[in-house]
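User: I would like a close look at a single part of this model, with the criteria behind each term spelled out.

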Amino acid sequence: MNIYEYQRLVGKIEDIPELKQEFIVLYDTKSHREMVQFCLMFGQHLIDLTGFEPCREIKEAFEAMQRWLDGKTNYHEARNLSLEISRIAKLEKDLVKVKFLRTMAQIAASPHTKYHGLWATDFAVTLINKMFPGDRAEVRKERKAQINLLKNL
């Protein structure tokens, strides 16, 4: 699988290719640990953006991610919570919230492998696509926010 073209589970993305590429260039310079740090900040950014109250599983996933960063647990704890968040998404009827939950599941899985942090950004663009259909300015704004979060680690 080409990690940079993660389309199968994401679906159609109305993206800004040059900004995605700029993110990938930055991503390639970051360690796995730095990507988990990014994901914690990115998850909070998405909570703030959407106004969705994080469920217990998301809160616990963020705590597990921090424990992984602190060297107090392996990746399994966060990854298992990621799977729980995915199960919640399957039951959700609101399509925007489904995209939010799927993005959060990728974020929560980031201790498992660095790639989940990259994939989470693509999932987030599909969230923006649902929140603001056809609004490329909002997609541009989101990709720039992702780039800035990663630059400012």
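Which residues in α3 meet which residues in α4?

Analyst: This is a predicted model, in which local features need pLDDT of at least 70 and side-chain atom pairs count only at pLDDT 80 or more, while totals for chains, interfaces and linings use all residues. Residues are numbered from 1 along each chain as its sequence is written, and side-chain values use heavy atoms, with hydrogens and water left out.

On the α3 side, E57, I58, E60, A61, A64, M65 and R67 meet E77, A78, L81, E84, I85 and I88 of α4, where contact means heavy atoms within 4.5 Å. Sorted by class, this contact has 8 nonpolar and 5 charged residues, with no polar ones; Ala, Val, Leu, Ile, Met, Phe, Trp, Tyr, Cys and Pro count as nonpolar, Asp, Glu, Lys and Arg as charged, and the others, Gly among them, as polar.

The two helices span residues 56-69 for α3 and residues 76-91 for α4, and they pack at an angle of about 160 degrees with their axes 8 Å apart. Helices here are DSSP runs (H or I, at least four residues) numbered from the N terminus, and axes are lines fitted to C-alpha atoms over the stretch in contact, with angles running from 0 to 180 degrees between N-to-C directions. The angle therefore makes α3 roughly antiparallel to α4, a label for angles over 145 degrees, whereas those under 35 count as roughly parallel, 65 to 115 as roughly perpendicular and the rest as oblique. In passing α4, α3 makes a left-handed crossing, in the sense that the near helix is turned anticlockwise from the far one by less than a right angle, clockwise being right-handed.

The helix pair α1 (residues 17-27) and α6 (residues 115-131) can be set beside this, with axes that come within 11 Å and cross at roughly 165 degrees. These helices are therefore also roughly antiparallel to each other, but α1 passes α6 in a right-handed crossing. Their contact is made by K20, F23, I24 and Y27 of α1 together with Y115, L118, T121 and D122 of α6, and these residues divide into 5 nonpolar, 1 polar and 2 charged.

The loop between α5 (95-108) and α6 holds H112, which is partly exposed with a relative accessible area of 29%, the class between buried (under 20%) and exposed (over 50%), using a 1.4 Å probe and protein chains only. H112 lies 36 residues from H76 in sequence and 7.1 Å from H76 in space, C-alpha to C-alpha.
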